[in-house]
Amino acid sequence: MNFLTIGHRGIMGVEPENTLRSFVAAEQAGLDVIELDLHLSKDGALVVMHDADVDRTTDGSGPIAEQTLAELRTLDAGRGERIPVFEEVLDAVAAPLQAEIKDVAAARALAEVMHRRDLAGRVEVLSFHDEAVAEIGRLVPGVRTGLVASRYGTDVVERAIAVGATSVVLNIRRLTLEIVECARKADLRIIGWVVNTQDHLRLVRALELDGATTDYPEIKRTGRFTA
């Protein structure tokens, strides 16, 4: 199986995260998959941003959920970029996507787009939240899903099975061989994040993970030669 290199919010180590500029750069750098984050605006638009508020990554302030898409569009998301909506990313790049959702409401909105544009083969849906993974799986039969975890033990495998996930997407700082073996027995794919150094890359390759999420495109080039 090919080792996948996944661009974290595009290539956020180089370009403003979760912007069209970042996603296009990730695709041009040859990353296999592009990861992004989704929130719902006040008027129900699927906007691409990691945090629940706009303070860290734009020149604005306040929660995304309390602002309309038109209001969010006035903000600078870095280097003059605007906050994109999910469908703009679909049109801007051809690469496969990982879309991380934060709640059940976002799962329902994403499901509508996935059905309308027949995205089950292109978009894998991720979440830290078990109920969101279960909901997108219910709404979009056949969709690939991943349970994301930062603090976890072997219980993450049981949780993933319970919600029908096909992957676990795990913080490499807590990853152990025992957890990898449990995931393999359950026939789950394993992605490690965030892999930004050669030491981290050697770790995920030694553990024979299926892929790595990275902030930097260089990991793609060096990953082929790291054992």
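This is a predicted model: local features need pLDDT of at least 70, side-chain atom pairs count only at pLDDT 80 or more; totals for chains, interfaces and linings use all residues.
Residues are numbered from 1 along each chain as its sequence is written, and side-chain values use heavy atoms, with hydrogens and water left out.

**Strand β4 and its partners**

- On its other pairing, β4 meets strand β2 (residues 33-40) in the parallel sense, over 5 bridges.
- Within that pairing, Leu38 stands opposite Ile101 of β4.
- Together with helix α4 (residues 104-117), β4 and β5 make a right-handed β-α-β unit. Right-handed here means that, with the strands pointing away from the viewer, the path from the first strand over the helix to the second runs clockwise.

**Nonpolar cores**

- In soluble globular proteins, nonpolar side chains tend to be buried together.
- The largest nonpolar core here has 32 residues, and those touching the most other members are Leu36, Leu38, Phe86, Leu97, Leu110, Met114 and Val123. A nonpolar core is a set of buried Ala, Val, Leu, Ile, Met, Phe, Trp, Tyr and Cys residues joined through side-chain atoms within 4.5 Å.
- Two or more residues of this core come from each of α1, β2, β3 (46-48), α3 (86-92), β4, α4, β5 and α5 (130-139).
- Helix α4 gives the most to this core, with 7 residues.
- A second, separate core holds 26 residues, including Ala149, Tyr152, Ala165 and Ala183.
- Leaving aside neighbours within four places in sequence, Leu110 is in contact with Leu38, Leu46, Phe86, Ala99, Ile101, Val125 and Ile136; contact means heavy atoms within 4.5 Å.

**The loop between β1 and α1**

- Arg9 is found in the loop between β1 and α1, and counts as buried because its relative accessibility is 10%.
- Not counting residues up to four places away in sequence, Arg9 touches Glu17, Asn18, Ser22, Phe23, Glu35, Asp37, His50 and Arg56.
- Glu15 has its place in the loop between β1 and α1 too, and is buried at 14% relative accessibility.
- Beyond residues up to four places away in sequence, Glu15 touches Arg21, Ser22, Ala25 and Arg79.
- Glu15 and Gly80 are 65 residues apart along the chain, with their C-alpha atoms separated by 12 Å.

**Backbone spots to look at**

- Most residues other than glycine have a negative phi, and most peptide bonds are trans.
- Asn18 is not a glycine, yet has a positive phi of about 55°. Asn18 lies in the loop between β1 (4-8) and α1 (20-28) and is buried, at 3% relative accessibility.
- Asp187, again not a glycine, has a positive phi of about 60°. Asp187 sits in the loop between α7 (177-185) and β8 and is exposed, with a relative accessible area of 68%.
- Trp193 and Val194 are joined by a cis peptide bond, with omega of about -15°. Val194 belongs to the loop between β8 (189-193) and α8 (198-206).

**The chain as a whole**

- The secondary structure comes to 9 helices and 9 strands.
- The radius of gyration is 17 Å, close to the 17 Å that the globule rule gives for 227 residues, so the chain is as compact as a globular protein of that length. The radius is taken over C-alpha atoms, and the rule is 2.2 Å times the number of residues to the power 0.38.
- Along its principal axes, the C-alpha trace spans about 45 × 35 × 30 Å.
- Buried residues make up 53% of the 227 residues.

Conventions: Two strands pair if DSSP finds at least two bridges between them. Helices (H or I, at least four residues) and strands (E, at least two) are DSSP runs, numbered from the N terminus. Buried means under 20% relative accessible area, exposed over 50%, partly exposed in between (1.4 Å probe, protein chains only).
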